[in-house]
Amino acid sequence: MNLTLDRKAAVLFALVAVLYIGTGFVQSWNTALSILNMGLISAIMALGVNIQWGYAGLFNVGVMGFTALGGLAAVLVASDPVEGAWSATGGWQILLALLMGGATIAAAITLWGKLQGHKLRGVIVASVLIVGFFVFRAVFDPAVATVEAINPALTGNIGGLGLPIILAWPVGGVLAAGAAWIIGKTALGLRSDYLAIATLGVAEIIIYILKNEDWLARGVKNVIGLPRPVPYEVDLQANATFVDAMQNFGADPVTASSITVKLSYAILFSVVLIALIWLTQRALNSPWGRMIRAIRDNETSAAAMGKNVTARHLQIFILGSAVCGLAGAMMTTLDSQLVPSTYQPLRFTFLIWVMVIVGGSGNNLGAVLGGFLIWWLWIQVEPLGLLLLQGITAGMAEGWLKAHLMDAAAHMRLLTMGLILLLVLRFSPRGLLPER
Amino acid sequence: MSETSPFLIGEAMTGGYGKGADILHSCTIAVERGEIAVIVGPNGAGKSTAMKAVFGMLSLREGRVVLDGDDITALSPQDRVVRGMGFVPQTSNIFTSMTVEENLEMGAYIRRDDFRDTMEQVYTLFPILKDKRRQAAGELSGGQRQQVAVGRALMTKPKVLMLDEPTAGVSPIVMDELFDRIIEVSRTGIPILMVEQNARQALEIADKGFVLVQGRNAHTGTGKELLANADVRRSFLGG
Amino acid sequence: MDFLNAIIALLNFVIVPATAYGAQLALGALGVTLIYGILRFSNFAHGDTMAFGTMITILATWGLQSLGVTAGPLPTALIALPLGIAATAALAVGTDKLVYRFYRQTKAKPVIFVIASIGVMFVMNGIVRFVIGVGDQNFADGTRFLISARDFREVTGLDEGLAIRTTQAITVAVAILAVVALFWFLNKTRTGKSMRAFSDNEDLALLSGINPERVVFITWLIVAALATTAGVLYGLDKSFKPFTYFQLLLPIFAAAIVGGLGNPLGAILGGFLIAYSEIAVTYAFRKVVGYLGPEGWSPEGMLQLLSTDYKFAVSFTILLIVLLFKPTGIMKGKSV
C-alpha cells in the first residue's frame, strides 16, 4: 500500500518535472526557472495550509494576510534605515503609541474578566477603550506625520534595519505567528466557518493597513529595490571570470547571468522547502503528530481523553501561519519589492487552497505536488488559453467579438482553477496523493 | 384480510443501522386496532430501534412489516407516513422556531384537502395548544412541547400513531397528564404503539406489552399479565 | 449653534448614504442567511453570484438602451432586472445540480460545501471577467437626483444642501418591496413555511413529507433574486466592478453573522448596523460639530475616527465583537 503510494508519488512528481523541463525546452529556461521559483514558494505556502487543514481540519482563508506580513518583514529587516525616522517624536513615538494601544486593549480584556457580574462592566470597559483610542490617536497622529514628512518621494517611512534579507524569512514567520496567535485566541473556539470568515477578514485588514499606513512600508507608494541574497545580473556580467567561464561553456553571458541568479534562488528556496518537509514529516510521525491526528479524527473522544483540543489547534494554527509568513518573506525577497495592491485573495489565499485540495489534504508531499502543479498551470493557462482562443477565432472576421475574446483569454485561469478544484473535490476528494 | 391479524406488525425483524452489527434479532412488535401497545425493557434493549425498524428507519435483513394487510417492508419512512403511520421521535420532534399552529400545519403538509377539522380535533384533545397557537413552539414547557409533537403527528389523520418515549425528561406530574392524553387519543380509535422508559406506568395503560432484552422478545402479554409476571417484575420493574 | 444645518449635514453625508448601503447589504445578507439556513453552509460564491446577476442586467440594459427602450426618469436597469434574475436563477439552480447536490446526497461536512463554493466562486468570477472584463461599468441612467442639493438649499434657505439620488431612493424602495415579499412568502405561504420548517429541523421536515430538493430549488431561486437585486442596486448606487463585489462578501457575511446566521430578520438588522457603523466611524464629523458649536467656531481636526479606507475593518471589528460575546448573533441564529 505504502509502496504503491510512493510509486504514485514518484510518477506524479516526475510528470510535474516534465512540465517544468518541457517549459524550458519549448519556451525558455528563464521562464521555466521563474515558474519554478514561485512554484517552490507556492509549495511552501501549500505546506503551511496543509499543516492547518490536513492535520487539524482548520479552515484558514487568510493566507494572503500572513503572506503579506512576511513581505512586511522583508521591508523592515532588509531595507535601508531612514535617517531621522527613529527620532523621539517620530518612530519611537509611533512605537510608544502602538504599545499604548496594545495596553488599552489588554486593560480592557483584563477589566472585562475582573468585573464579572459588575453592573457597569460594559460601560467601564467601553470607556477605557474610547479614552484609550483618543489618547492613542493623540500620540500616534503627530508622530506619523513627522515620519511621513521625511523625504516622502523616496522614503517617508520608518525604514528598515539594513540587515541581510535572509534574516527576514524567520522574522516573517514570527510576525505571521503573532497575528495567528491573536486570531486563534479569539476565533478558534468558534465554529469552522466562523474561523474562515474571521481569517478572511483579518487578511483584508492586514492588506488595508499595508496600503494605508505609509509610515510603515510606504503604503501604495510601494517599497522597491530590496537587497538580494544572491548576486545581481549586472555584477555577474561585469565579472570577467564569470563571462569567460560562460563563453567557454558556449553560453551567452547575459542569459547565463539571469539563469544563474534564478538558479541561486531556486537552490535557496529548495533548501527551505526540503527542511520544512523533513520537519513536518518528523512532527507528523512523532507522538505529538499522532495526538494531533487523533484529535482531528475524533475531537470529542480526544477531548474526553483529556487532550486539550483548543490549545493543540492554536499551536497548529500558529505553526501553519508561520510557514505562510516565511513563504511570504521569501516571495518578497524574490520580487525585491513590496507592492501591497498586488495582494488579492483569489491569488494569495484561494489559489493556495486549490493547491492543497488538488495535491491531497493531509499529505505533505501532496500539498507540495499541488503547489508545483497548480502554479505551473496558473502561469501556463493564459498562453494556452490564448492559443485555444486563437484557434477558435482563426476563422472569424476581425472585429469586436474577436478582440473581446482575445482580451478575455487572461481570465481563463480563474475559470480553469475553479473547474479543477470542483472536479478534484468531486471525483478524487482526497487529492492526487491521498493521506496514508 | 383476516380480522385476527394485527393492524400493524413488525414480524421477526432482524437488522441494525446501516452496515453495522444487528441490533434486533427476530424481534416482533405489533399493535391491534383500537389498542395501546408498549415496548419496554432495560436500557440498550433495542426498544427505540425496534420502533424505528417498524417505521423503516433501519435496514431489515430479515422479517417484514405489515400495515393493515399490506406489506410495507420496502417503503421509506416518508412513504409510510403517506400510508397512514404517524411517528413522534423522542427528541427534536417539533419545529422550535415556528408557532404551534404552523407546527400543526407542517404536520399536515402532505394533505392537499382542508385540514381545519383535524386541527380543531387536535385543539380539543390538547386545549392548551389552542391558547398558545400563536406562540413559538420552542418557548413552551416540556410537557406542552410533547403535546405539540403528538398533535403534529395527528395532523395527517394517521391510522396508527407511534411514540418514541413521549415522557422522556418530563416531571412525574406532567408524565401522568401526558399518559391521560395518550389514552384520550387512543379513545378516538387510533391504535398507539409506544416505547416507554417508565415501564410500570406504561404497562398500566397498555393493552399489550412487549418486553425486549438485547434485541429479542423476552416476554409478551397484556399489560396486566406482564405487571403480574414475577420474572418481569424482578428483572426491571424493581421487585 | 445651528441645529437644523447640523441635522441636514448628518442626513446628507451619513444617514442617506448609509441607509442605501444598508439596504444593499441587507439584501445580500438575506441571501447568505437563507443558504445557511437551508443548505447549511457559508456561501463564498455569493459576492460573485451578485456580480453575475448584475452583469447580465447590465448587458440587458445596454441592449434595451440600444433599442431605444428606457424607463424614463428611472434607470433602465430596473426593466432589465427580471432578466438578470432569471439568468442568475438558472445559473444557481444549475450549479446546485452540478455541484452541491452531490455533497448533499453524500451528507458531506459543511466545510466541504464551503470549499466547493470556493470552486464555484472561481468559476463565476472567471465567467464575469471573461464576459464583461475587470473595469468599472456605470450603467445608471434616468434622472440623477430625486432632490438635488441646490434645489434643497433654494427651497429651504438653509446653508447645507440635502441631496437624495434617484438610485438611493430606488434602492430603499426596492429593498422594502423585496423584504416584504420575502417575509410574506416565508410566513404566509405553504411553501415558505415548509422552507422555514426545513431550516428549523431537517429530519422532522422530511418526516412531514417536505421534499428537500424542492425546498433547495426554491431557495436558490429566491437567493438568485435577492443577490441580483442587491448587486444591481449597489451597482446603480456606486458602480459595477467585479472585484468590488467579491470584496462585498466580508460586510455581507458580517451582517448575516451579526444578525444571527439563518435568521432573515437578523440579516436585515445586521445589514443596517454594519452600514451605519461603517459610514459613521469613517465620516469626518467636523462640519456637523461645527454647526453645533458657537457661531463662527470650527473644531480642529477632521473629527474622523478612522480613515475611509478602513471601512471594512469596521464591519470586521463588529463581527469579532459579536462572535466573542454573542456567537449566535443579535437575533438568535443557528449554530451547526
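Visitor: Which residues of H3(B) are buried?

Guide: In this predicted model, the buried residues of H3(B) are B:Val100, B:Glu102, B:Asn103, B:Leu104, B:Glu105, B:Met106 and B:Gly107. A residue is called buried if 20 or more other C-beta atoms lie within 10 Å of its own.

Visitor: What makes H3(B) mostly covered?

Guide: Of the 8 residues of H3(B), 7 are buried, and the helix is therefore described as mostly covered under the cut-off of 20 C-beta atoms.

Visitor: Against what do the buried residues of H3(B) pack?

Guide: Within chain B, they pack against helix H4 (116–125), helix H5 (127–131) and helix H6 (142–154). Helix H7 (190–200) of chain C also packs against them.

Visitor: Which helices of chain B each supply at least two residues of the side that touches chain C?

Guide: Helix H2 (77–83) and helix H3 (100–107) of chain B do. The contact takes 17 residues from chain B and 13 residues from chain C. On the side of chain B, they divide into 9 nonpolar, 6 polar and 2 charged.

Visitor: Which pair of chains has the most contacts?

Guide: Of the 2 pairs of chains that touch, chains A and C have the most contacts. That contact takes 33 residues from chain A and 34 residues from chain C. On the side of chain A, H6, H7, helix H15 (345–359) and helix H18 (412–427) give two or more residues. H7(A) gives the most, with 13 residues. By class, this side of chain A has 22 nonpolar, 6 polar and 5 charged residues.

Visitor: How are helix H6 (168–187) and helix H7 (192–212) of chain A placed relative to each other, and what angle do their axes make?

Guide: Their axes come within 10 Å and cross at roughly 145 degrees. The crossing is right-handed. A:Ala179, A:Ile183 and A:Ala187 in H6(A) meet A:Tyr194, A:Leu195, A:Ala198, A:Thr199 and A:Val202 in H7(A). By class, this contact has 7 nonpolar residues, 1 polar residue and no charged residues.

Visitor: Why is chain C called as compact as a globular protein of its length?

Guide: For 336 residues the globule rule gives 20 Å, and the radius of gyration of chain C is 21 Å, close to that value, so chain C is as compact as a globular protein of that length. The secondary structure of this chain comes to 14 helices and 2 strands. Its C-alpha trace spans about 70 × 55 × 35 Å along the principal axes, and buried residues make up 51% of the chain.

Visitor: How do you know that the radius of gyration of chain B agrees with that of a compact globule?

Guide: A compact globule of 239 residues would have a radius of gyration near 18 Å; chain B has 17 Å, and therefore agrees. The secondary structure of chain B comes to 10 helices and 10 strands. Its C-alpha atoms fill a box of roughly 45 × 40 × 35 Å along the principal axes, and 44% of its residues are buried.

Visitor: Which residues touch the most other members of the largest nonpolar core?

Guide: In this core of 297 residues, they are A:Ile44 and B:Met162. Helix H1 (residues 3–39) of chain C contributes the largest share, 18 residues. Leaving aside neighbours within four places in sequence, A:Ile44 is in contact with A:Val272, A:Leu273, A:Leu276, A:Val323, A:Leu326 and A:Ala327. A second, separate core has 10 residues, among them A:Ala97, A:Val144, A:Val147 and A:Ile150.

Visitor: Why does A:Arg218 count as buried?

Guide: A:Arg218 has 24 C-beta neighbours inside 10 Å, and the cut-off is 20 or more, so A:Arg218 counts as buried. This residue is found in the loop between helix H8 (214–217) and helix H9 (233–238) of chain A. Most residues other than glycine have a negative phi.

Visitor: What makes A:Ser336 partly exposed?

Guide: A:Ser336 has 16 C-beta neighbours inside 10 Å, which lies between the limit of 12 or fewer for exposed and that of 20 or more for buried; A:Ser336 therefore counts as partly exposed. Its place is in the loop between helix H14 (309–335) and H15 of chain A. Phi of A:Ser336 is positive, near 60 degrees.

Key
Residues numbered from 1 in each chain as written. Chains lettered and ligands numbered in written order. Predicted model: local features only at pLDDT ≥ 70, side-chain atom pairs only at ≥ 80, totals over all residues. Helix = DSSP H or I, 4+ residues; strand = E, 2+ residues; numbered from the N terminus. Rg over C-alpha atoms; globule rule 2.2 N^0.38 Å. Core = buried A, V, L, I, M, F, W, Y, C linked by C-beta atoms within 7 Å. Contact = placed C-beta atoms within 7 Å. Axes fitted to C-alpha atoms, helices over the stretch in contact; angles between N-to-C directions. Left-handed = near helix turned anticlockwise from the far one by under 90°. Nonpolar A, V, L, I, M, F, W, Y, C, P; charged D, E, K, R; others polar.
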